[in-house]
Amino acid sequence: MFSACGDDRRTRTSYHRPVGSLARLPTDEVIARVLGGDHAGWADVSEQLSAANAAAWAATSPRLLELCRVRIAILLGCEAEAEARAPGSGVADEVLASIRSWPSDPRFDPLDRACLGFAEHFVIAVASIDDDTVAAVRD
């Protein structure tokens, strides 16, 4: 096991190893680091996670994925991930710098707001996501 966040308190134990930001690594490498290669079923899980990642990138824009990735990193207190930039996302640094004010900042359009609201709700209280929150992302 490891922590993607260099400042994670759990990195003090011997079984966690900080790696810095995962945003800069290829997806297959991230999955391999997270799962490790010595666990039963690793290949199956790796294949499913790779497929889910590919589906996410095919279903929406890299910009939306990057906005949500950075917002989730901020919510989880992971500075290394919040400061990293995924290649090819096309999100300007000034937009990401204002992400904490996404509900009212004019740099975020209605789709941005819907996706960021969903991501935030997912992190804070996944069991309470309602149909309206999901519908706003789908529309």
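Colleague: What makes the span of helix α6, residues 110-125, close to the one expected for its 16 residues?

Modeller: In this predicted model, α6 reaches 22 Å from its first C-alpha to its last, and 22 Å is also what is expected at 1.5 Å a residue.

Colleague: Why is S89 called buried?

Modeller: S89 has a relative accessible area of 8%, and since buried means under 20%, the residue is therefore counted as buried. S89 lies in the loop between α4 (79-83) and α5 (93-97), and, leaving aside residues up to four places away in sequence, S89 touches P62, R63 and E66.

Colleague: How do you describe the way α3 and α6 cross?

Modeller: Their axes come within 9 Å and cross at roughly 35 degrees, and the crossing is right-handed. Among the residues that meet there are L64, L67 and I72 in α3 and C115, L116 and A119 in α6. By class, this contact has 10 nonpolar, no polar and four charged residues.

Colleague: Which residues of α6 are buried, and what covers them?

Modeller: The buried residues of α6 are D112, A114, C115, L116, G117, A119 and E120, and their cover includes α3 (62-75) and α7 (131-138).

Terms used. Residues numbered from 1 in each chain as written. Predicted model: local features only at pLDDT ≥ 70, side-chain atom pairs only at ≥ 80, totals over all residues. Heavy atoms only, no water. Helix = DSSP H or I, 4+ residues; strand = E, 2+ residues; numbered from the N terminus. Expected span 1.5 Å × (residues − 1). Buried < 20%, exposed > 50% of the residue type's maximum accessible area, 1.4 Å probe, protein only. Contact = heavy atoms within 4.5 Å. Axes fitted to C-alpha atoms, helices over the stretch in contact; angles between N-to-C directions. Left-handed = near helix turned anticlockwise from the far one by under 90°. Nonpolar A, V, L, I, M, F, W, Y, C, P; charged D, E, K, R; others polar.
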